[in-house]
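Subject: Structure for you to look at

Dear colleague,

Please find below the structure I promised to pass on, followed by my notes on what I found in it.

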Amino acid sequence: MSGTDLTWTGEGDVVVDLVEHLTARDRALVPATDGPGTLLEHGELALAAYGGDLLPGLYDEWVLAQRASLVEGARELCGALAVAAGAAQRWDLAVRAARRRVALDPLDETAHRDLMRLQSAQGDRAGALSTYHRCADVLEEQLGVAPDPATRELRDTLVSGDRGSSAQTAPRSAGSPAPAGPVGLVGPVGLVGLVGRDEDLAWLERALDDVERGGVRTVLVSGEPGVGKTRLVAELAHRATADGACVALAQCYAGLDPMPLAPVVQWLGEPALERWLEALPARWRDEVDRLLPGGGAAAGGDTRGVVDTWRRHHFFRGLAEALRPPGRAVVLVLENAQWCDLETLDLLGFLRSLEPHRPLLLVLTARSGDPTADRALDGWVRRARAVAPLRELALRPLPPAASADLLCQLCPLAGDEQARLLHDVTGGFPLHLVEAVRRDPGLARLHAASPDLAALLRGRFDDLGPDCRAVVELASAVGRDFPLDLLRVSCELSAEAVVSAVDELWRLRILSVHRERYDFSHDLLRRAAYEQLTPAARWLLHRRLAAGLEELHAGDLDPVADLLADQYARAGSTQRACELYQRAALLADSVFAHADAARLHRRTLRLLADLPTGPGRDRRELQALSGLARALNASRGYSDPELAATLTRAVDLGERAGLVGATMDALVGLWAARFVQGDIPRAHAIALRALALSEAAGDADPTADLLRSQAHFACAGSLLSLGGAADSLQHFDRATTLAADEASLSIGSHPTVHAHAWSAHAHWLRGDPGTARRHAEEAVERARALAHPYSLAIALGYAALTQQLLDDTARLAASTDELAALSRRHGFAYYADWGEVLAGWSADSSAGTARMEHAVARLRRAGAFTRMPYWLELLAQRTTDPVRVVALLDAATVSARTHHDVWWLPEVLRRRAALLPPAAATATLEQAAALARDHGSVTLLRRCCDDLDTGRTLAERPAP
């Protein structure tokens with residue numbers, strides 16, 4: 001180190017990726033006498049160590065020079081490694097090196113050709129053709145040129161095999177340019193310049209400028225179909241890329257049951273983010289791997305208990321880290337957000353709130369007035385506006401002058417009158433205008449009647465030959481983007497004919513390509529193609545696509561479970577579709593997308609309703625009901641009405657099928673739902689039913705102890721609320737001793753924590769405050785040892801309640817503070833509201849009282865009425881208005897009697913007695929004491945007796 005410089009000495013155990021890359025690269029490129037082994041060995045290591053641009057975000061001259069030198073060295077390495085690996089027939093390594101070379105310089109046409117040759121030699125002709133199409137798109141978009149003759153000749157070689165007798169186009173001579181589109185048009189229609197959107201683009205660029213200065217911005221571009229949303233956003237993405245931003249694109253699709261976070265998978269597959277993903281710290285990469293195909297999503301794990309929703313926050317943080325590489329502005333584009341899944345929208349909200357100074361621009365496009373749109377986006381927009389500014393741009397059709405400019409690009413010879421008339425009949429919608437010109441290049445049939453866009457789009461297919469038409473029909477049935485291989489294995493045509501047809505459809509701008517996946521150039525084209533199919537034709541195409549997906553993904557169906565289920569459902573294969581929807585739902589649970597999992601389970605149940613009754617069908621329905629119950633519990637909580645109905649049906653089916661374990665899980669879940677709703681007598685009847693079933697099952701079942709543990713737990717909880725403190729302790733003890741530490745209740749918590757924590761209240765009621773304190777503290781310690789935040793939240797909630805009973809305000813404040821932080825981190829609601837009530841009581845201030853009122857209101861809105869007498873009595877203690885106090889205590893009394901939640905009723909009556917005239921007060925206290933005595937509530941009985949002794953002089957006190 002000097003006064004101006006810091007020097008890295010290279011000492012110590014620190015690994016520097018740049019050093020690792022340079023060392024391995026130098027060894028790989030040194031001429032070796034022992035053959036290509038050295039190049040292959042060290043070249044692969046160097047490739048793995050290359051983490052992307054040097055010091056991204058810095059633009060000093062020395063950085064630019066070093067960065068360019070590293071890129072050039074990496075390109076040289078990739079080229080040499082690809083050649084050596086290809087010669088050794090290590091095709092995976094060769095293709096990987098060639099892909100990296102293309103990514104380093106997308107305008108290097110030679111690199112594209114080398115990649116095409118390697119893919120062809122590997123037998124991946126479809127991939128080679130995709131590479132050509134991407135190369136042509138990049139050259140045309142960024143340089144305005146077509147691929148050179150050598151590249152086109154290689155492309156012709158790929159598609160020049162036996163086309164069969166049904167080929168629809170004659171092969172072009174090598175080196176001949178691709179047709180530009182309809183005769184009379186300048187350039188391929190669909191890649192015309194951006195016209196009439198200068199102000200809109202400038203508006204978007206200002207948002208990008210704000211982001212590059214540091215910050216998070218969200219832009220929503222909305223408009224009717226064909227108004228030009230995609231084209232405008234594509235121009236912004238192009239300019240952002242040119243400015244050095246990291247740009248990732250994704251889109252949503254209509255009419256599918258998509259896997260949750262599918263757009264995020266698309267973003268992570270972009271080359272700019274893939275390179276950062278390789279260097280992501282292990283703790284975040286493990287979370288991202290839950291989502292990526294083959295990354296280890298835990299869909300096959302234990303399906304009995306509730307999924308650990310508390311892990312969702314950490315999972316989202318991992319995704320956020322993967323989507324926001326440091327040192328560069330990031331632009332995430334989401335097309336057709338009106339069809340976006342709930343989980344992706346939630347992640348977008350998370351990204352907006354996380355580290356607001358890191359540069360991030362979220363750009364969403366949404367189709368206005370679409371009847372197929374999901375309402376989830378509307379709710380997200382309302383919430384987003386409330387949290388942070390949301391910039392909204394509603395695109396309008398082009399004005400007449402802009403329509404004329406666009407027509408001039410397409411048809412330079414068109415006159416002013418034709419431009420005026422074309423604007424009138426198309427309404428200024430760019431897509432309508434382009435399609436009208438495409439259909440009638442000479443504008444000879446132009447008349448004042450407004451053209452039918454659907455008819456124009458259908459007309460795109462009229463002149464196609466039979467091969468192209470067959471491929472278009474098959475592609476439309478996929479419903480989303482697709483790899484070329486899917487068409488190849490699903491189509492009756494030969495592979496050569498499919499490749500040739502896809503190439504023709506790409507040249508005609510019916511299909512486009514992005515990252516080796518093809519899609520219709522506009523989703524309206526897909527819809528037009530699909531709507532022309534008869535029901536019988538659709539049935540056949542969906543069957544072929546299902547078979548093709550099974551063949552392509554025979555080793556792992558998880559990445560396409562949702563798409564495959566949809567294909568089987570449309571093809572009438574109900575049983576197979578149900579299996580795959582269930583698999584997709586489990587995958588959704590594994591990434592904490594519980595609302596999406598519930599949707600997939602409901603889809604299964606709708607399909608099963610059409611099957612004849614029988615044991616097999618009932619078992620499938622029970623599996624779907626159990627999954628739906630878990631998802632509803634995790635996403636909505638115990639008090640959800642749909643959860644209770646789902647569990648009731650599951651109990652009936654489980655008993656009919658004689659499945660003790662499934663029936664017990666459903667019973668305990670149903671007990672929890674009824675209990676939290678405040679239907680305590682009914683809940684207790686369910687608990688007794690579960691206990692009888694667990695005892696009748698005997699010890700043959702290896703899970704017999706856990707089954708009994710759950711039943712005893714349920715009995716204990718409802719008995720305590722019903723006023724049976726002494727009896728509840730026996731059941732709490734059995735619940736704890738029968739369950740192993742690692743066991744999990746079907747309601748998601750650990751019995752050794754939950755039962756122990758809850759039993760503290762019974763001990764306090766029985767007059768043993770020391771044991772109550774000890775049990776509450778031990779439950780928290782057990783939860784910490786288990787490293788299970790949900791159980792810890794439960795333990796802290798019960799500990800805080802116990803500390804309130806003990807009037808231990810110091811420990812109470814610490815518990816509620818930790819519970820609040822834990823709940824914010826992991827999205828807990830029910831126990832978080834407990835903490836809010838108790839924290840407000842501890843504060844003993846007007847602000848604390850308001851805090852209590854808000855929390856009690858949330859519990860009521862959620863339908864969580866159990867313990868409501870206790871919460872209302874606490875609120876009465878901190879309320880200064882005497883009239884309001886009386887109303888709260890009376891409400892608490894009514895709630896206790898209505899729901900039979902009477903464990904706290906003696907205390908409510910004791911408090912109410914203090915506000916009554918002497919004679920009435922004495923009678924009320926005697927009633928409270930009798931209740932406490934009947935319930936075995938020693939502590940509350942003592943309080944009542946103390947007041948009764950004091951009450952001997954009540955007559956001497958003035959009436960309140």
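Helix H22 (residues 495-507) has 13 residues and spans 18 Å from its first C-alpha to its last, close to the 18 Å expected at 1.5 Å a residue, the expected span being 1.5 Å times one less than the number of residues; helices here are DSSP runs of H or I with at least four residues, strands are runs of E with at least two, and both are numbered from the N terminus. This is a predicted model, in which local features need pLDDT of at least 70 and side-chain atom pairs count only at pLDDT 80 or more, while totals for chains, interfaces and linings use all residues. Residues are numbered from 1 along each chain as its sequence is written, and side-chain values use heavy atoms, with hydrogens and water left out.

H22 is mostly covered, with 11 of its 13 residues buried (under 20% relative accessible area, where exposed is over 50% and partly exposed lies in between, using a 1.4 Å probe and protein chains only). Among the buried residues are Asp503, Glu504 and Arg507, and the elements that cover the buried residues include helix H6 (125-142), helix H20 (466-478) and strand E7 (511-514). After H22 comes Arg509, whose phi is positive, near 60 degrees.

His763, in helix H34 (residues 751-765), is buried, with a relative accessible area of 15%. Leaving out residues up to four places away in sequence, His763 touches Leu729, Asp768, Thr771, Ala772 and His775, contact meaning heavy atoms within 4.5 Å.

Best wishes
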